[in-house]
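The questions below do that, one at a time.

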Amino acid sequence: MVEPGSGYLACGMTGPGRLADPEEIVAAIDSEARKRHDLEGETVLITAGPTQEPLDPVRYLTNRSSGKMGYALAEAAAARGAKVVLISGPVHLAPPRGVEVISVRTAVEMRAKVMENLGPAHIVIKSAAVADFHLSKVPDQKVKKTAARISLELDPTPDILAELGRKKDDRLLIGFAAETQNLVQEARRKLESKNCDMVVGNLVGGADVGFESDQNEVILVLRTGETIPLERASKREIADRIFDQVLKLRLALHAANGR
Ligand code: PMT
């Protein structure tokens with residue numbers, strides 16, 4: 001059901017009763033048409049976007065993540081019938097239909113919200129580009145410009161994926177690896193060291209895939225040693241291909257647990 005839009009009406013009154021925004025109608029039809037319901041009954045926890053790590057009240061460290069990959073994953077999971085919780089860093093994207101979005105700013109805040117929402121999750125996908133370093137003591141006042149060189153001493157942020165790997169139980173844990181070289185090797189290293197079921201290797205640094213782009217091209221690295229390249233497509237299409245593989249992993253997990 002697409003509800004009517006609100007505003008000034010032909011009868012002279014103001015309120016709900018206008019034709020809904022055509023883009024909203026198209027999005028609703030698209031989402032219904034894509035529905036396969038093969039994730040019904042699953043709760044999926046997804047992280048998306050960058051984090052911002054303050055340096056003082058007016059400056060921060062961040063990265064190029066737009067959130068598009070994570071939001072596409074959330075939209076795909078919801079369209080396939082999952083209950084989706086999306087923990088998002090600061091992005092300029094509309095919340096996907098039917099998805100609970102929790103906004104955070106820093107890696108520390110993202111960690112807190114992920115752990116708070118982990119309980120009911122059957123599938124966790126960490127597509128956020130979490131900052132690896134931050135200032136653990138942020139000055140209260142703006143740092144003044146002087147002629148002298150200054151240096152920043154940064155501490156590592158909490159490694160959320162590694163902590164999830166330690167608390168995995170019988171969840172499926174999917175990590176991402178954004179790399180500029182040795183993609184498969186690095187993805188495999190992250191798969192092992194963070195106890196993931198699958199890592200999505202994403203070559204970044206170029207302009208047409210990876211960060212910011214509407215398209216992506218990734219390689220799925222599995223515990224079996226198998227690698228599955230997903231050729232260039234829209235992030236929404238890549239998201240569906242990732243869930244196709246997640247479903248195979250879930251079936252294998254259920255079979256192993258005798259469900
Ligand atoms: O947002 P877009 O513009 O659409 O771009 C998509 C993307 C390139 C950001 C996405 O596809 C991607 O590759 N996401 C992972 C980015 C990243 O931080 O990769 P990493 O190799 O640095 O981290 C490895 C994994 O550890 C990731 O799952 C990350 O979420 C997680 N991590 C990293 C640091 C940290 N402190 N905690 C974490 O949980």
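Q: Which residue stands opposite alanine 48 in strand 6?
A: In this predicted model, the residue of strand 6 opposite alanine 48 is serine 88.

Q: What makes strand 3 and strand 6 a pair?
A: Two strands pair if there are at least two bridges between them; strand 3 (residues 43-48) and strand 6 (residues 83-88) are joined by 6 bridges, and they run parallel.

Q: What is the order of the strands in the open sheet of 8 strands?
A: The order is 7-6-3-8-11-12-13-14, and the pairing is mixed.

Q: Why are strand 7 and strand 14 called edge strands?
A: Strand 7 (99-103) and strand 14 (227-234) each pair on one side only, and they are the edge strands of this sheet. Neighbouring strands of the sheet are turned against each other by 20° on average, with direction ignored.

Q: What does helix 5 touch where it packs on the sheet?
A: Helix 5 (residues 183-193) touches strand 11, strand 12 (198-203), strand 13 (215-222) and strand 14, and its direction makes about 150° with that of strand 12.

Q: How many bridges join strand 13 to strand 12, and how many to strand 14?
A: Strand 12 and strand 13 run antiparallel and are joined by 5 bridges, while 6 bridges join strand 13 to strand 14, again in an antiparallel arrangement. Asparagine 202 has valine 218 in strand 13 as its bridge partner, and asparagine 216 has alanine 233 in strand 14. Strand 13 and strand 14 form a hairpin with 4 residues between them, and in the turn glycine 225 has a positive phi of about 95°.

Q: Why is glutamate 179 counted as buried?
A: Buried means under 20% relative accessible area; glutamate 179 has a relative accessibility of 10%, and therefore it counts as buried. Glutamate 179 lies in strand 11 (residues 172-179), and, leaving aside neighbours within four places in sequence, it is in contact with Glu186, Lys190, Asn202, Leu203 and Val204.

Q: Why is glycine 12 called partly exposed rather than buried or exposed?
A: The relative accessible area of glycine 12 is 40%, and because buried means under 20% and exposed over 50%, this value falls in between and the residue is partly exposed. Glycine 12 is found in the loop between strand 1 (5-8) and strand 2 (14-18).

Q: Which residues are the closest of those that surround the ligand?
A: The ligand is surrounded by 30 residues, of which the closest are Ser65, Ser66, Ala128, Lys190 and Asn202.

Technical notes: Residues numbered from 1 in each chain as written. Predicted model: local features only at pLDDT ≥ 70, side-chain atom pairs only at ≥ 80, totals over all residues. Heavy atoms only, no water. Helix = DSSP H or I, 4+ residues; strand = E, 2+ residues; numbered from the N terminus. Buried < 20%, exposed > 50% of the residue type's maximum accessible area, 1.4 Å probe, protein only. Contact = heavy atoms within 4.5 Å. Axes fitted to C-alpha atoms, helices over the stretch in contact; angles between N-to-C directions. Near = heavy atom within 4 Å.
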